[in-house]
Number of protein chains: 2
Amino acid sequence: MQSWSPSASISTLITLSTLSKKKPSGSHETIPLELIAEARSKGYNSVCLPLTTEDWHKRWTEMCLVPSDSVQKRTRESRRESKLVNRDLTSERKAEAWRENPCFERDEVTITKLDEAENVTAIISEWLELDAEEDGIRYDAEIALQQELAYASYLNIHTAILPAPRNRDHISSYARTVKACLSSAPYMNLAIRLPVYDTSILEPTIALSPSGSPSSFKTPSAPSTPRLVVSGSDTTLIKLSPSAAPLEAHIDAAWETWDLIRSICDYNIRLTLALDLTPPLPNSPGVLSKWAAEAVRYIFLPSSTFIANAKGYPVLPKPTQTFIRDSMVHRPNIIISGASSGLHKRGGEDAYSQYVKHLERTSPVVQAAEKVGTVENFAQGYQDYLQAPLQPLMDNLQSITYQTFEQDPVKYQSYELAIHKALVEWPKQETIVICVAGAGRGPLVARSLSAIKQSKKENVCLYAIEKNPNAFVTLQNRQRTEWEDRVRLLFGDMRVIEMPEKVDILVSELLGSFGDNELSPECLDGAMRFLKPQGISIPSSYTAHLAPLSSSKLYNEARAIKEEKGLETPYVVMFQAVNLLSGEGPGISGLCGPQVQECWEFEHPRKNPVLNGRGLPPTNSHNTRSAKLRFHIPHAGVLHGLAGYFEAILYGNIGLSIHPQRKDQISKDMLSWFPLFFPFKEPLYLPSNSELQVTIWRLTNERQVWYEWHAEAFLGFVSTPFAGTTSPTTSGQPLPPVNLMTSPTIGVPSPLIDAVDLLPRSSISVHDTPERTTARLVKIGHTSLHNPGGRSSWIGL
Amino acid sequence: MQSWSPSASISTLITLSTLSKKKPSGSHETIPLELIAEARSKGYNSVCLPLTTEDWHKRWTEMCLVPSDSVQKRTRESRRESKLVNRDLTSERKAEAWRENPCFERDEVTITKLDEAENVTAIISEWLELDAEEDGIRYDAEIALQQELAYASYLNIHTAILPAPRNRDHISSYARTVKACLSSAPYMNLAIRLPVYDTSILEPTIALSPSGSPSSFKTPSAPSTPRLVVSGSDTTLIKLSPSAAPLEAHIDAAWETWDLIRSICDYNIRLTLALDLTPPLPNSPGVLSKWAAEAVRYIFLPSSTFIANAKGYPVLPKPTQTFIRDSMVHRPNIIISGASSGLHKRGGEDAYSQYVKHLERTSPVVQAAEKVGTVENFAQGYQDYLQAPLQPLMDNLQSITYQTFEQDPVKYQSYELAIHKALVEWPKQETIVICVAGAGRGPLVARSLSAIKQSKKENVCLYAIEKNPNAFVTLQNRQRTEWEDRVRLLFGDMRVIEMPEKVDILVSELLGSFGDNELSPECLDGAMRFLKPQGISIPSSYTAHLAPLSSSKLYNEARAIKEEKGLETPYVVMFQAVNLLSGEGPGISGLCGPQVQECWEFEHPRKNPVLNGRGLPPTNSHNTRSAKLRFHIPHAGVLHGLAGYFEAILYGNIGLSIHPQRKDQISKDMLSWFPLFFPFKEPLYLPSNSELQVTIWRLTNERQVWYEWHAEAFLGFVSTPFAGTTSPTTSGQPLPPVNLMTSPTIGVPSPLIDAVDLLPRSSISVHDTPERTTARLVKIGHTSLHNPGGRSSWIGL
């Protein structure tokens, strides 16, 4: 549990060039100390500093790289040969001596003292190619990285920012190295610098990797965005002209890079992201929402990303504004660079950080957290924190728990309205009997009394049943002091208690985050014994809803629970750093539903129940449920679990809902329920435009109720007849779009969306006879099923 | 370790019809006992018997299914409604009573006594729809299944065969039920009956599921193959005409069903397959090879699968013959049914089992195992058994270990030839010095002496170095008794020993299954100190090779190892129940290599080494290696690990190889090395026609050498321009095939292969300008990296 820190922190980036140009003023012992003091006086929270100098770059290059003059004329093979055979053995001797004892010389590092390093984030040498094409260069880059991290550790630096990955073909090597560093520097946090996208990664680039290209030996004096260059012969594979590869694909590719690195590093919590916002962002927020689910600790924001507003002050483009506002969920450290370069005419150096603070203040997540009465404000400190769901049937709740839930201003208001409406609409008769089943400390009793009064009905008789002996004392006290003879209290379990008479309206509040997960169906089965044949239950029905969810935070939280079967039970969670992976249907099969889908429903009273002599159902089999849901996954992501919600009809059109798209219409600012999180043991990778099929079961035996859940992922393919058999009817005709399914709900995709579409549905030549064109879902993975955890609910009496 | 049982066992299937028609002869107490005795007298090893009768089917149907007369006119929705509302409450009351206390009546089961159940495999009611469309039917089928298994357990039956899955849409429910049964019947083995393929699963079937169709209520009196029918509305998704969906796709679909079930059951070793060979098999063995990696415990073989040969005797079609011969790796129980029905004129009932025994005798795996001198014969009892690789540098081997390896007739013969050839080709000089580095108990010393004698060279001086003090005693003994002064023995580690003179030919046998995995490179680095500048090393080079492998057996073996990091270290394994997943390239990217691919090479002596004052390399960095390999995966499978092999050049054209495709040409019947198995922690699902990219690293620090490995899976997509932009140049023209890559090695696919191809490459309309057509690999998954395990090799002195 962490509470909201009022501000994102802001850092300034001190470059090598600044370090070298700064004249000593004498007020501080060293140049770095002087610059750090300057940054502090300007209001920055911290400083980012390159750890090494050009001297180190020069020595490493001379030792570990092929002499640059002989490179460009050679192929990759002969370069490797040249390293082994032709190169100067002196360099290799120096390199071997260094590999044996990696050690800096004084002028190769920027700082040497503990006070220079205080509050500093170290930037590791950006020219280190951890994903170089050549084994030898990668190996030496790894030794250098370990050396730099060891030096940073020595100076008590806590976080280092690693050079951006550049080469998709060797990202697994990059990741393996990072994993090794996480293990050899056990107190260091590592942040991967990653441009939010890089158009070069999918291009048939002819750029040599820095190991071969002398031009890239220069360390950029200003922090340029590292580009992902694809080197080597394998780039022939990917031939996308920029127009055919829209930004979305590049953004997905950048995320895929991150996903591979953190997966290989097994979601180490010391591994975070330094997202580089240098490239302009697209105006389609969906594709960027995946970063909400990732560990974005730093955001690079060079002054060149800012544009001038009408008055000449630096502001950010709209999509970047939105993204930074949304990123406040991560409480990021925003690293501003080049603020003193005078790029914008107005506002001076302060203008950049002032603007970022403005974005923070106007961020929806910050605003919601600060506004009293919202669930976000109520939930401060509980974001992304796993709580075991309450089991009020098995456990007798504490008074403090009741008190928390009684604070909800919306829920009880809705109950009162529902009771009032039911009373008013009830056909005339002598006496109306209302019963609150599970009265707790009495909030529904009070609301019932208020509704009765409002309804102006005279002969209403109110019962209140409670099985928690401790709460029953509170009820008695309230009866004595508030309610007197307007309510009759009964102590006992609603499933067995003998009632003096049958009731017309049965009021209960047994709902959990997923509707039925606190055993409302089982309890009400018992209470139905004393409901009249045409009697009303409030709630009258409720539904459970699911959506696939990604969150590296929740994945780590869930597996950190060391209890047996910690990943086999759902949790109550106030979601924050999460991303719902599903889009609105119909997806590749044409059969997908909306982003959040309904699983099942419970109704009270049941129709035509089979009951035993005591008025109870002989078995609980009628309360089993299952659902198979199909979700369209528009953008690549990793499935970590399922988000569970409920919606209930209390009476008529009065309801309660935590469904993310409907709650504000039905019960805005209701506080009582956070969603449910069903974790998966193993994350499941989902490509863009895939389909996720989720099965969930509500199961029961004679003593317990539990859920199990399972997911399978599919991609779609169109199988078409062999070219030689193409029907002549389509020749010379515009090609008709493939009718993938019978579903009429497939919209015509926009050219932009279509270009990243995996199904080339618009450009396939087909027969007129639909039988000859076929669509298949191809399975690409699944996650394991989950069995009853240690916390299944008990229904036994 | 299990040794080869000489015969697959053969069972006969006793049907309900046989049970009911059999007249009691009085020689046995009951009809089942009589039939079982009869089967035994006919030579069958065991008997398969349905556990329940038609009476049970009738009662369950009446209790749990909707009356059949009202079904066919209703939609699925209204059927559900009808169950809830309209149906007879009497049935529901009976059903509830049964659910509360599931219990058979006497006439509902076929057997009641322990001696009737002895050696019997029970067939569970085939009409149980564990994957029915309706929740309620599935739930009741699960109760019935649990009831039948409990009864079988009571009778001490050890294996039950479950009804085949029928409904792809609810296989996860089927699997969940099986998992529940494995846990509630902890001593019972469950075999899933599975037709090797079923064409109906991909068809737009209008067949109602048995729950709705009165015709399917009849239990087939002969064991018909259960068909996978797709019921419900979702079948609109899949519309494949039989011609467009070849057998391969159906076989893949059947395997996918099995994969999902056993994955959900977490590879439980009590869960096996009863593969039903009723459908005729295709003549393309590749698609069936995946079953080699699965737990095929039973094979159903109805007499109707047999065809008559020229003389009228029953024989099997060629593909079925091949498949059964290959299936002998599983030592299956083959269940013959209908043998007494007189379907074939000649041979009588015996002919079927005699023929199966003939297939077994002529099975390559049985023949290889029985032939003395083959590695298969040598390896009896070690198939699929994980052994920790030897670490002869760290551990001093036992005499028995040396003795095992000295039995190899091929390896030492090759060494002798290589030494002889090197001697003969050595330029003339006064004395030739040979040194055996790591002489062990002396086999290479003996071979060297023999080669020297053969070469007729006079002045040859032979040294033998050994660091194992125990083996050194054996060497001294052999010197005294055999070799006398023809060899000089030196005790010590080749990396530090001081040699009296430099040598011309250095002979060593330090190779492991993966070439360098027993630290041959590191040891020979030390021995190079005393090799003359132009001297010869035998071996002169060696390479490591990998292929992706599937084996549920090995996966279970590896994770059963409870040592820390049991899945993070490679094992030596004699592969048997495995399947190599890779095909020959070029795959979807056009860049894939062959089925088994080379990772890296080591050469001795090295070129231009940097050495310290003691003649040793200052660091071991030159012995790091990495490889990134691309494999084409033609058929869907699950990746469980990597198979590792080596190939070595001893001298000139004399080599050693365990490369599966090359070993027989290079060193046939060599016994010394089984392959290496690199396990993955998490299985990775690979769809048909996917690409697997494997990265493997050989890593080192100052003390250790280890491997890490990682895999990523991709599918290929063709992105094409939007329909509206189609170039007019292709209109009215035959559509050109898409040029996916620049690689010229893509063959023209046959119509058959093309039809299951995921890339509809032949039927996509494209521009003439190749820039406008683009191919992408889309990532679909990866497995986690593996870090140094507990058993990395130590190189420290």
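Analyst: Let's start at A:Lys411. Leaving out residues up to four places away in sequence, A:Lys411 touches A:Glu509, A:Leu656, A:Met670, A:Ser672 and A:Trp673. Keep in mind that this is a predicted model. A:Lys411 sits in helix 16 of chain A, which covers residues 409-425. Is A:Lys411 buried or exposed? A:Lys411 counts as buried because its relative accessibility is 5%, and the cut-off for buried is under 20%.

There's also a database note here. In an unreviewed entry, UniProt puts the feature "binding site" at A:Tyr402, A:Lys411, A:Tyr412, A:Glu466, A:Asp493 and A:Met494. Those positions span 93 residues in sequence, and the two C-alpha atoms farthest apart are 23.7 Å from each other, so they don't all gather at one spot.

Now hop to another position on that list, A:Glu466. You'll find A:Glu466 in strand 12 of chain A, residues 460-466. With a relative accessibility of 6%, A:Glu466 counts as buried. Setting aside neighbours within four places in sequence, the contacts of A:Glu466 include A:Tyr402, which is on the UniProt list. Glycines turn up among its contacts too, including A:Gly438, A:Gly440 and A:Gly492. A:Phe472, A:Leu475, A:Leu490 and A:Phe491 are also among the residues that A:Glu466 touches.

What about the nonpolar packing in the model? The largest nonpolar core has 223 residues, and A:Leu506, A:Phe514, A:Ile538 and B:Leu506 are among those with the most contacts inside it. Take A:Leu506: not counting residues up to four places away, its partners include A:Cys435, A:Ala437, A:Met528, A:Phe530 and A:Ile538. Apart from that core lies another one, with 97 residues, among them A:Val109, A:Val120, A:Ile264 and A:Ile324.

Over to chain B, to see how a sheet is put together. Five strands of chain B make an open sheet in the order 13-12-11-14-15, with parallel pairing. Its edges are strand 13 (488-491) and strand 15 (531-538), each of which pairs on one side only. From one strand to the next, the twist averages 25°. Helix 18 of chain B packs on this sheet, where it touches strands 12 and 13, and its direction makes about 165° with that of strand 13. Four bridges link strands 12 and 13 of chain B in the parallel sense, and within that pairing B:Ile465 stands opposite B:Leu490.

Between strand 12 (460-466) and helix 18 (469-483) of chain B there's a loop, and B:Asn468 is found in it. B:Asn468 counts as buried because its relative accessibility is 1%. Its side chain makes a polar contact of 3.1 Å with the side chain of B:Tyr402. Beyond its neighbours within four places in sequence, B:Asn468 is in contact with B:Asn396, B:Leu397, B:Tyr402 and B:Phe491.

One last stop is strand 1 of chain B, residues 9-13. Four of the five residues in strand 1 are buried, so the strand is mostly covered. Strand 1 runs parallel to strand 10 (residues 333-337), joined by four bridges, with B:Ser11 partnered by B:Ile335. Strand 1 also pairs in the parallel sense with strand 2 (residues 46-50), over three bridges. There, B:Leu13 has B:Cys48 as its bridge partner.

Conventions
Residues numbered from 1 in each chain as written. Chains lettered and ligands numbered in written order. Predicted model: local features only at pLDDT ≥ 70, side-chain atom pairs only at ≥ 80, totals over all residues. Heavy atoms only, no water. Buried < 20%, exposed > 50% of the residue type's maximum accessible area, 1.4 Å probe, protein only. Helix = DSSP H or I, 4+ residues; strand = E, 2+ residues; numbered from the N terminus. Pairing = 2+ DSSP bridges. Polar contact = N/O pair within 3.5 Å; in protein donor to acceptor, adjacent residues only side chain to side chain. Contact = heavy atoms within 4.5 Å. Core = buried A, V, L, I, M, F, W, Y, C linked by side-chain atoms within 4.5 Å. Axes fitted to C-alpha atoms, helices over the stretch in contact; angles between N-to-C directions. UniProt positions renumbered as here; feature names shortened; annotations may be inferred.
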